[in-house]
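The following account considers the fold of one chain and then the contact between two others. Please examine the structure below before reading on.

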Amino acid sequence: MDAVLLQVLNGLDKGSAYALIALGLTLIFGTLGVVNFAHGALFMIGAFCAVTLNKIFEISAITIDPTKTDFLGKPLQVKTPYLEKWFGDFGLAVMDWSVPLAIIISIPIMMLFGYIMERGLIRHFYKRPHADQILVTFGLAIVLQEIIKAFYGANPIQTPAPSAFVGTLDIGVYLGFAQNAITYPYWRLVYFAFACLVIFAVFAFLRFTTFGMVVRAGMADRETVGLLGININKKFTIMFALAACVAGVAGVMYTPINSPNYHMGMDFLVLSFVVVVVGGMGSLPGAVLAGFLLGILESFASMNVVKQFFETIFIPSIDQIVIYLVAVIVLLVRPRGLLGHKGVMED
Amino acid sequence: MQILEVKGVNKRFGGLQALNDVNLSVSEGAIHAIIGPNGAGKSTLLNCFIGRLNPDSGSVTFNGNSLLGMKPHEINQVGVSRVFQTPEIFVDLTVLENVMIPALAHRDGAFKLNPFRRMRQETDMRDKAIDVLEDIGLEDKLDMTASSMSRGDKRRLEMAMGLVQDPKLLLLDEPTAGMSRADTNNTIDVLKHIGDSRGITMVIIEHDMHVVFSLADKISVLAQGTVIVEDVPGNIKGNPKVQEAYLGTAN
Amino acid sequence: MNNSKYSDAALLLFFIIMVVAGPFILAPFGGSYPDLLQKFAIFGIFAIGFNILFGLTGYLSFGHAVFLGVGSYGAVWMFKLLSYNVLPALVMAVVVAGFFSVVIGYISLRRSGIYFSILTLAFAQMMFNVAYSVATPITNGETGLQIYNDDPQWLQGADSPLTTNLFGLKMNEVFWRPEFFGFEAQFNVGYYFCAFFLVIAFYLALRITRSPFGMMLRAIKTNQNRLSFTGVSTRPYMLAAFVISGMYAGLAGGLWACMDPLAGAERMQWTASGEVVLMTILGGAGTMLGPVLGAGFIKYFEAIFSKINDQVLHSWFAFMPDGMENFMVAIVHPFVGKGWHLTLGLLFMMIVIFLPGGLIGGLTSLGRVLTGRGRKSKG
Amino acid sequence: MSSDKNPLHTPLTRRSMLKASAASAVVGAAPMIIPSTAHAYLNEPKGANVTLGFNVPQSGPYADEGADELRAYELAVEHLNGGGDGGMMNTFSSKALKGNGILGKKVTYVTGDTQTKSDAARSSAKSMIEKDGAVMITGGSSSGVAIAVQGLCQEAGVIFMAGLTHSNDTTGKDKKANGFRHFFNGYMSAAALAPVLEKNYGSDRKAYHLTADYTWGWTQEESIAAATEAKGWETVEKVRTPLASTDFSSYIGQVLKTDADVLVLNHYGGNMVNSLTNAVQFGLRDKMVNGKQFEIIVPLYSRLMASGAGKNVKGIFGSTNWHWSLQDEGSKAFVKSFGEKYGFPPSQAAHTCYVQTLLYADACERAGSFDPCAVGAALEGFDFDGLGNGPTSYRAEDHQCFKDVLVVKGKENPSTEFDLLEVVEVTPRAQVEYAPDHPMFAGGDLGKCNTGA
């Protein structure tokens, strides 16, 4: 039982990332009708906002320590970050909290990024076939990746969580299990809570603002949106910036979980598309539901008992294929995904 | 002989009773018009004939066989063709190709694997398509891409696509809507000519009374999902029920 | 319609000339060596086949590389079991790919639009994951399926060559290496073997496009619903198109194995499927020559740009003064060698932004501008 | 670039060319007789230069490792041509290399991108052989690629000097006469690690393996399990993880549900960084199981990749082929010339690639020819020293180098960003040797060397 609960937690955590990326994807699909293959790259750019802030904080003054030598036998250069040098403990605390602080800078950066991307590129592709949209956004994704690679290299870069969030919480104790039955890293819990918050905020924004009403109307019937008047272009731009922002902050918060690298966006891209489609194209609750659901399924499939069970019925390594298998089944049984509307993106 | 018989058809959309116990029979060779005010359920009824919608209850039989539950292409293959109200043509293809597709579908059936047959070997179908296009007045636009045609021409192309299949029953959904008076008259002539020369049974949905009364052998009046009158054109005009139905909606 | 007979014949003739003269044409661009020429032909076939599905019907499959991959596996298994003769391998490749495309197509075609794309993608990812790990006894996983000395090779003759061959005609033989304006051109048996199939594939695709069957496929792209109200059952048409293009992919995969008898799982990955989509769109989807052109374009980039290093750059700009030379090298450096992906991404964007019809679309409008000017000057 | 054109066959007349192309275009054409070659072997260098092919990952997750390999190759070429300070050429026990290129020919090179994919790597290697006339191909950062390219070089008839490849198969069931590996392998890692693990963690341990689900992972898992079981450990579970995994939480979480007290991560590169990070995140190392401290082991370390895991590597045991902190003369010379040229210490991948290039060049000098068979013969059974791993020899039976193996541990207090690992023990060569027909390496066949003629 505790093992099952642990996998549910793991699934919710994986699902958080899927859901956040899928949410933005489906927003863009639903309103703008654009297939955005660069969405994974936006997630990656977000993560590198955190890396960059971390690097900025680590800009150091160099002093020579003659007692030690470096690998060439020369006197060792000791680096002390200016933050530490100037502000002492406060500086160290700021460095420690670089990831949460990165959220603050990433929001305007991602907004601006989304704005420029929509204005400069995506706008011209509303009326073009999906295939063209895929090609141009895929091209953009490659370009963004390669730029990041040129600056930061191909290796993963560690970006730790604040030390207050290192370690694990014994959740099992609160639920009446034995000690150490269900322990879970603090930061992953934070990530899950953060994802819920963002999802809630997006829904609230769409539910309770006039802007949101227009957007939702647009997702239900794109024709109507076209008739709504002069400001619709601006709304599209804001929509896109919002979606970019959601992907970006998801990336920032993800960095302590797994060290970011330049192709992390591509790793998520395909899965996010599967999530969006399983949830139902253009359905926001669908994307969230499918994200969490597939995350949990993936977690369960990686349990040893489950793997062994499937091996006895001649499906080895179920954890390798489960998401795709489920996607196929869902699409065959429910043509428009779990919560999809009729006719959205079917041509 | 009745070629199309509709008995007790009901269709609900949520709270709206779109069709309420509709009965209709169309005799072979006749031109049967269905008129009625907006929202009376005319298009819904037509959609029930071609497999786009499934009625909640009732029967639709064609030549004694039920059309319900059949797939759209199967219905077409038994001889029921439809001309759509808003032109649903193949916009990326040429006019001639637009007409040859239904012609080939009529000849070859629902599926034929002939990937290596050359189009230009299909001279029979080509001639047939051109014949129909001549009848309908599009013979000088054979190689035009359908998307670049005027709206009126598109509607005529739509009609040619139905006619080229020599259907036993042709369903026309407002064939002259949006046409100029001259075009309308021309269309009336074409339909009359075809109805007489090829003996095609037609069911026409129409707003334009001029068209209805020039063409129809028989008229059914649909109001609020029910057939209120079914009679020859001469008796329709003076019928108080009809007047009430139209005036009622006018208010 | 009548003059299409002549223009098609002219197109085919042009195509054959280009293919036969391939080694000469590519010599000045440094592309005249067997591996790249073979890849042009192989991916040309793959893209032509993909275009039958995507270009004609508009159905965007994101899993076509699967058929290429299983074709390769089928072919290598024939080498392992029978002999190094390429004919049984090719037959097997097409048959295996045909089988898989029937199964995957039958299921995926129950949906349309992006749902179809994701279904094919899902199948492709499952197949790739399985081939890379679980199915290692059949696929040799990470390394790729290859031929070992202790393979049975029941039909291998005692003195027949120990490399892929057509009744003794070795695929890796280079039979002529002329100098061509100072560039070396390599004429290779394997390339002409592939080229033969490329021409056949092109001709068949031309016939399919011009057939009633092809017209139905184009009608599906324009308005699938209307087509069914016209009495056409669209699903068998779609399945036929899917299987035909799957078999094209299988042929390409088989040829690849014939040229280089190793079948790696990576050629089934979604990125490989994406690559053929890019080739087709880049060249011009729905056109006859476009996919081949797009395939050549991407393969050329992959082969040539990734090999340019600083040493090469310095030799390019050697004529300049030192400072200038270093400056130029520094500018070009990020776009070549390890940065070749960056150039590729930029080119994708530029082509799709500025040439909406792909390379062929661009060439056509260029031709129109030129001939238009020609007329003006005459008039 | 390469001034050595390499006509395999004498040019035919125009007429026979037309015939040939016609014949090749007809299925079922009769066998064609090609005039035989005037060359003794494929790509025989005829001019003043000799071309080597450096085939490394330049895109994809191993791009940084590939870049480091490329730096090492460039350094090796510089040294071979007499530039720089000569690096390990000065400490190399064989004195055949004179700094005037190889056999008097200046060394030039071509580079390519393996993309860490078998197909792309072979394609790239083929273009080097066919177009650029390379006589030797070297490089790579994964076993799949190494084995695929090794097979190609065997078929084509050039020498392959493997780069970073750790799978037993490279010199086991997939060994080839034209292929040579300097890098160590899974078996050697296990043989070196097991005694250290026993010493530090005792002989009563229960191990849980998480293994990347492809051939390299399997051979390492097999090797480590066998070596630790021989020391009395018990293998509780072997779990395969999908290669595309980025988040290992759902695998890590289960570890504590068993009674295992050691976690072995048979992962490399990005997988290793993530699985290690996840394991530390879940607090495994703070746990006590069976009354013992829970431990994590990463059998194959890469310093480059380890930096992605940051502080998480502290105190974790693993093995490595070479480390820049070694204090023998060869290593010092190499670190010095590499460090002065590029500003940071070389990785183990760079080391093995540099050494392979030198070994190849030296073998050519000793053989007096670039002929692959002669070079191969010169390498087979060659004993040497001064290249950083103590006395080393290339075994003739399987073309595997035997040398000391380093057992390392994540450093507690790194002084610089490169100072992540500390060498715990230099396991002597005798301890990691095995018979050529050892079951983990069985089934292969070197075959005959191929000159491509």
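Two residues are taken to be in contact if their C-beta atoms, placed from the backbone, lie within 7 Å. In this predicted model, 72% of the contacts in chain D with a separation of 6 or more join residues 24 or more positions apart. The secondary structure of chain D consists of 13 helices and 17 strands.

The overall dimensions of chain D may be considered next. Along its principal axes, the C-alpha trace of chain D spans about 85 × 55 × 35 Å. The radius of gyration of chain D is 23 Å, which agrees with the value near 22 Å that a compact globule of 453 residues would have. Of the 453 residues in chain D, 64% are buried.

Attention now turns to chains B and C. Their contact draws 30 residues from chain B and 26 residues from chain C. On the side of chain B that touches chain C, helix 2 (72-77) and helix 3 (95-108) of chain B each contribute at least two residues. Helix 3 of chain B provides the largest share of that side, namely six residues.

Note on methods: Residues are numbered from 1 along each chain as its sequence is written. Chains are lettered from A and ligands numbered from 1 in the order in which they are written. This is a predicted model: local features need pLDDT of at least 70, side-chain atom pairs count only at pLDDT 80 or more; totals for chains, interfaces and linings use all residues. Helices (H or I, at least four residues) and strands (E, at least two) are DSSP runs, numbered from the N terminus. The radius of gyration is taken over C-alpha atoms; the globule rule is 2.2 Å times the number of residues to the power 0.38. A residue is buried if 20 or more other C-beta atoms lie within 10 Å of its own, exposed if 12 or fewer, and partly exposed in between; C-beta atoms are placed from the backbone.
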